[in-house]
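Hello,

Here is the structure I promised to hand over. Please open it first, then read the notes below.

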Amino acid sequence: MKKLLSVSLLGLAVAASAAQAQEDQVRIGVDVPYEPMEYRTPDGELTGFDIDLGNALCERIGVECEWVVQGWDGIIPGLMARKYDAIMSSMTINDDRREQVLFSEPYITPPSAWFAPEGTDLDTTNEESLAGMTIGVQRGTLQDNYVTDMYGDVADINRYSTADDMVLDMESKRLDILFLDYPVGKSTLLDSEEGNYVVVGEMLTEPKEYFGDGFGIAFRQRDEALAEQFNEALAEVREDGTYDEIYSRYFGGQE
Amino acid sequence: MNAFMTWLENQLAENSIFTLQTLSYYGDGLTTTVQLVFLSLVIGLIAAVPLAIGRGSKHAWIKWPIFAYTYVFRGTPLLIQLYLIYYGVVFVDGIQETWLWVILEEPFVPALIAFTLNTAAYTTEIFRGAIKSTSKGEIEAARAYGMSPQQTMRRIIIPSAFRRALPAYGNEVIFMLHASAIASVVTIMDLTGAARFVYARFYAPFDAFLFVAAIYLCLTFTILYFFRYLEKKLLAHLQPQNS
């Protein structure tokens with residue numbers, strides 16, 4: 001009897017410490033690779049602006065970040081299914097998503113941009129000039145929604161699961177023009193070895209119904225306390241210069 | 001037709017997901033899936049008959065290349081074959097300067113090639129099995145009538161092998177329909193592509209995928225019914241006789 005009691009007590013202690021460990025850890029869903037936001041170093045380690053900022057925030061809060069890699073088109077359902085507790089994966093805050101998830105304050109507001117091979121005469125402010133063109137977007141992104149609504153009737157839209165596939169098809173000239181987050185396009189197209197790409201027309205942050213309010217960290221609606229902790233930590237790292245240091249590491253000096 | 005569209009529009013006004021726009025995505029997706037699967041099956045079937053006969057050839061230089069082909073295409077996932085043919089072909093030096101690029105540039109043809117090669121490999125093996133299991137008596141009878149090996153093949157072995165292969169081939173057709181769901185990884189807007197689009201746009205996995213599952217189910221049952229009918233007609237002489 002005594003033995004049984006001590007065994008079950010031991011079991012309880014183990015369970016308790018396991019529960020404790022759970023609270024010290026925040027699992028964050030991320031979709032890679034989107035250089036420079038989140039990608040892998042050649043030896044396989046996760047890195048990027050989101051990753052470094054996320055780790056800095058976790059450190060500030062005093063929890064351990066565990067990054068869970070998840071494909072983009074299932075990233076919100078994954079949060080709902082409790083596969084992780086937050087999403088920090090270049091997700092733009094918009095009203096559609098607000099109905100699903102709770103967002104932190106925006107932590108960065110990058111524009112979207114059109115990318116095309118050098119010497120293109122496409123004019124993206126003119127719907128006519130994109131008629132019959134093949135436009136590449138990533139499936140399920142705000143860029144996809146924007147292009148589908150604006151040019152769905154006049155242009156061919158190719159939707160890709162990953163940005164890599166899209167860039168590969170751009171290089172093989174299967175696509176005439178791409179529409180994606182500027183930082184992603186900058187690192188994959190402008191800074192690539194080929195290097196023969198340019199940004200076409202204005203970068204876009206309007207209208208808000210598509211481009212929203214910058215990138216936010218997403219939480220489940222009921223996890224208000226957790227979101228609040230992250231917001232406080234975000235304010236602190238902006239205050240003490242950690243944010244600027246991480247920013248310049250990935251985007252150079254100027255914002 | 002216009003009255004019907006207005007009626008449909010009113011019916012759809014109630015929900016936010018199945019609008020005319022998303023339904024037209026599903027409609028286009030259905031067309032693409034049916035085209036892709038139908039074409040690959042027809043071409044695959046035409047290619048499989050000579051391959052199946054060659055597979056049973058006495059000559060090593062006919063037999064082994066066909067064996068290698070079916071072995072590779074049945075031994076690797078269709079998804080990998082599709083990736084190789086769509087994205088891999090880009091890395092072949094100089095291919096973009098040839099006429100081949102014109103047909104490989106669009107995603108439809110690479111997908112069609114991958115699907116055709118895959119189904120032809122399976123169909124070849126199905127037919128080979130059916131040819132091999134032709135009963136000795138039928139062949140001996142044909143020879144006794146003075147038919148040459150070619151005539152025996154054409155008149156006796158192939159027709160009876162076709163009939164025997166029918167149930168297995170019906171399965172292959174259904175497998176091919178289901179396997180075609182991967183076409184959306186190379187940006188083809190097939191049925192699954194349409195469902196993924198709706199899913200990503202409205203974050204509604206159940207609505208998007210249950211709807212598309214129902215469409216696949218209808219297609220599958222249509223194929224099943226068609227093969228049941230064929231079997232009943234072509235295998236009538238093998239049914240037990242009711243007195």
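Which residues does Arg97(A) touch, not counting residues up to four places away in sequence? They are Trp72(A), Ile76(A), Met91(A), Thr92(A), Phe103(A), Gly140(A), Thr141(A), Leu142(A) and Tyr203(B). Bear in mind that this is a predicted model. Arg97(A) sits in helix 4 (residues 95–98) of chain A. Arg97(A) is buried but has no salt bridge. The nearest side chain of opposite charge belongs to Asp96(A), 7.6 Å away.

Helix 4 of chain A also holds a charged pair. Arg98(A) and Asp95(A) form a salt bridge, at 2.6 Å from N to O. The two are three residues apart, so about one helical turn separates them. Arg98(A) is partly exposed, at 37% relative accessibility. Asp95(A) is exposed, at 53%.

Next, the interface. 24 residues of chain A contact 22 residues of chain B. Together the two chains bury about 2100 Å², with 49% of that on carbon and sulfur atoms. Arg139(A), Arg159(A) and Arg174(A) supply 30% of the area that chain A buries against chain B, more than any other three residues.

Polar links cross the interface too. There are two salt bridges between chain A and chain B. Asp149(A) pairs with Arg201(B) in a salt bridge, with the closest N and O atoms 2.9 Å apart. Between the chains, 10 residue pairs are in polar contact.

Within chain A, look at Asp144(A) and Arg159(A). Their side chains meet in a salt bridge, 3.0 Å from N to O. This pair links distant parts of the chain: Asp144(A) is in helix 5 and Arg159(A) is in strand 9, 15 residues apart. Asp144(A) is buried, with a relative accessible area of 1%. Arg159(A) is buried as well, at 6%.

Asp144(A) is also among the contacts of Gln138(A). Gln138(A) lies in strand 8 (residues 134–138) of chain A. Is Gln138(A) buried or exposed? Gln138(A) counts as buried because its relative accessible area is 10%, under the 20% cut-off. Other contacts of Gln138(A) include Asp31(A), Tyr34(A), Trp72(A) and Ser161(A). Gln138(A) and Ser161(A) are 23 residues apart in sequence, but their C-alpha atoms are 6.1 Å apart in space.

Helix 7 (residues 182–190) of chain A has Pro183(A), Val184(A), Gly185(A), Ser187(A), Thr188(A) and Leu189(A) as its buried residues. They pack against several elements of chain A, including strand 10 (177–181) and helix 10 (242–251).

Arg249(A) is partly exposed, at 43%. Glu245(A) is partly exposed too, at 41%. Elsewhere, salt bridges with shared partners join Arg27(A), Asp85(A), Arg220(A) and Asp223(A) into one network. The whole structure has 14 salt bridges over all chains.

Last, chain B. An unreviewed UniProt entry lists several stretches of chain B as "transmembrane region", among them residues 66–88 and 208–227. In the model, residues 66–88 of chain B are 83% helix, with end C-alpha atoms 23 Å apart. Residues 208–227 of chain B are 100% helix, and there the end C-alpha atoms are 29 Å apart.

Best wishes

Key
Residues numbered from 1 in each chain as written. Chains lettered and ligands numbered in written order. Predicted model: local features only at pLDDT ≥ 70, side-chain atom pairs only at ≥ 80, totals over all residues. Heavy atoms only, no water. UniProt positions renumbered as here; feature names shortened; annotations may be inferred. Helix = DSSP H or I, 4+ residues; strand = E, 2+ residues; numbered from the N terminus. Buried < 20%, exposed > 50% of the residue type's maximum accessible area, 1.4 Å probe, protein only. Lys, Arg positive; Asp, Glu negative; His and termini not counted. Salt bridge = Lys/Arg side-chain N within 4 Å of Asp/Glu carboxyl O. Contact = heavy atoms within 4.5 Å. Buried area = accessible area lost by both parts, 1.4 Å probe. Polar contact = N/O pair within 3.5 Å; in protein donor to acceptor, adjacent residues only side chain to side chain.
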